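These are my notebook entries on a single structure.

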Amino acid sequence: MMDPYRLAAAAIKSAASAVAVTGAGISAESGIPTFRGHGGIWEKYPPDEYATIDAYNANPDKVWKFWCDLATTLAGCKPNPAHYALAELERMGRLTAVVTQNVDNLHQDAGSRNVIEYHGNARWLVCPRCRHRDPLDLSQHGGTPPYCFCGTLMKPDVIMFGEVIPSEAIVQSALLVEKCNALIVVGTSAQVYPAARLPILAHQNGAFIIEANIVETDFTQTVTNAFLEGPAGETLPRLLRYVEQT
Ligand code: OAD
């Protein structure tokens, strides 16, 4: 068996464009729980109660409190070596963009510049009517969600189940993924569409798929060309070293 790191590094180095698609697993080592699986956020907070737009409209204070608690957790978290490895690949000119499903801002904190947020950003509020955005100020907004100056109840700027992905994110990521020659898929369970379609789209367009995860996913036996098994905080820095040294 060829060394998957060697294969992955060669694919990145020969790619005119390489793109990363990331999920909750890349932030696990920053202390942020993932969504699915044992100990995941959705185990304690069922999404139909806390993460659908209908739940928010029916019971805004309860759903608001959940997202403020999550934002409080996120505020105390820092990027880990996996985020820094992707930022360094971009700085070296080896990575065009990161498309992330995460709402934690840690890619930007690590220095990644071209970040497409597929599911929004939990540090912000948005008005569903006029799209006005405000930073979430936990000291002011702890109790109940504020109203926008247009009179509408604001919501966390995250995509809840039942909402559509912002069209900019859809279009930009589809263009990037269709054109890339190498795609690095990190820490996502491949369960949530349309984000889970991105690696399939890249594969159909001939891209080399590198997957970094602690376990195999639905991608691994179908579209993945090089599987980097283990915590992303170890596997991505190792991949970076291979790109630098081989
Ligand atoms: P999931 O919680 O579904 O999956 C996390 C993935 O990360 C799993 O495949 C884990 O095996 C993997 N993982 C865990 N720790 C890891 C580590 N240290 N290194 C590498 N991989 C690790 O999270 P997502 O796939 O991101 O949407 O979930 C997608 C969307 O579902 C989220 O964006 C969220 C959720 O509902 C919204 O909130 C809109």
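Is Thr-217 buried or exposed? I find that Thr-217 counts as buried, at 13% relative accessibility; buried means under 20% relative accessible area, exposed over 50% and partly exposed in between, with a 1.4 Å probe and protein chains only.

I note that this is a predicted model, in which local features need pLDDT of at least 70 and side-chain atom pairs count only at pLDDT 80 or more, while totals for chains, interfaces and linings use all residues. Residues are numbered from 1 along each chain as its sequence is written, and side-chain values use heavy atoms, with hydrogens and water left out.

**Thr-217.** I placed Thr-217 in the loop between strand S8 (208–213) and strand S9 (226–229); helices (H or I, at least four residues) and strands (E, at least two) are DSSP runs numbered from the N terminus. The side chain of Thr-217 reaches the backbone nitrogen of Phe-219 at 3.0 Å. Not counting residues up to four places away in sequence, I list Thr-188, Ser-189, Ala-190 and Glu-211 as touching Thr-217 (contact means heavy atoms within 4.5 Å).

**Aromatic rings.** Rings of Phe, Tyr and Trp (its six-membered ring) pair if their centres lie within 6.5 Å; planes under 30 degrees apart count as stacked, over 60 as edge-to-face and the rest as tilted. One of the pairs is Tyr-5 with Tyr-242, tilted, at 5.6 Å centre to centre and 35° between the planes. Tyr-5 lies in helix H1 (residues 4–14) and Tyr-242 in helix H11 (residues 232–245), so this pair ties together parts 237 residues apart in sequence. Tyr-5 is buried at 6% relative accessible area, and Tyr-242 is buried at 17%.

I also recorded Trp-42 and Phe-66, whose ring centres are 6.1 Å apart with planes at 40°, so the pair is tilted. Both residues are buried. Trp-42 and Phe-66 belong to one aromatic cluster, which also includes Phe-35, Tyr-45, Tyr-50, Trp-67 and Phe-161.

**Sheet.** I traced an open sheet of three strands in the order S5-S4-S6, with antiparallel pairing; two strands pair if DSSP finds at least two bridges between them. Strand S5 (133–135) and strand S6 (155–158) are the edge strands, each pairing on one side only. Three bridges join strand S4 (residues 120–126) to S6, and Val-126 has Lys-155 as its bridge partner in S6.

Methods: A polar contact is a pair of N or O atoms within 3.5 Å; within protein, one must be able to donate a hydrogen and the other to accept it, and residues adjacent in sequence count only if both atoms are side-chain atoms.
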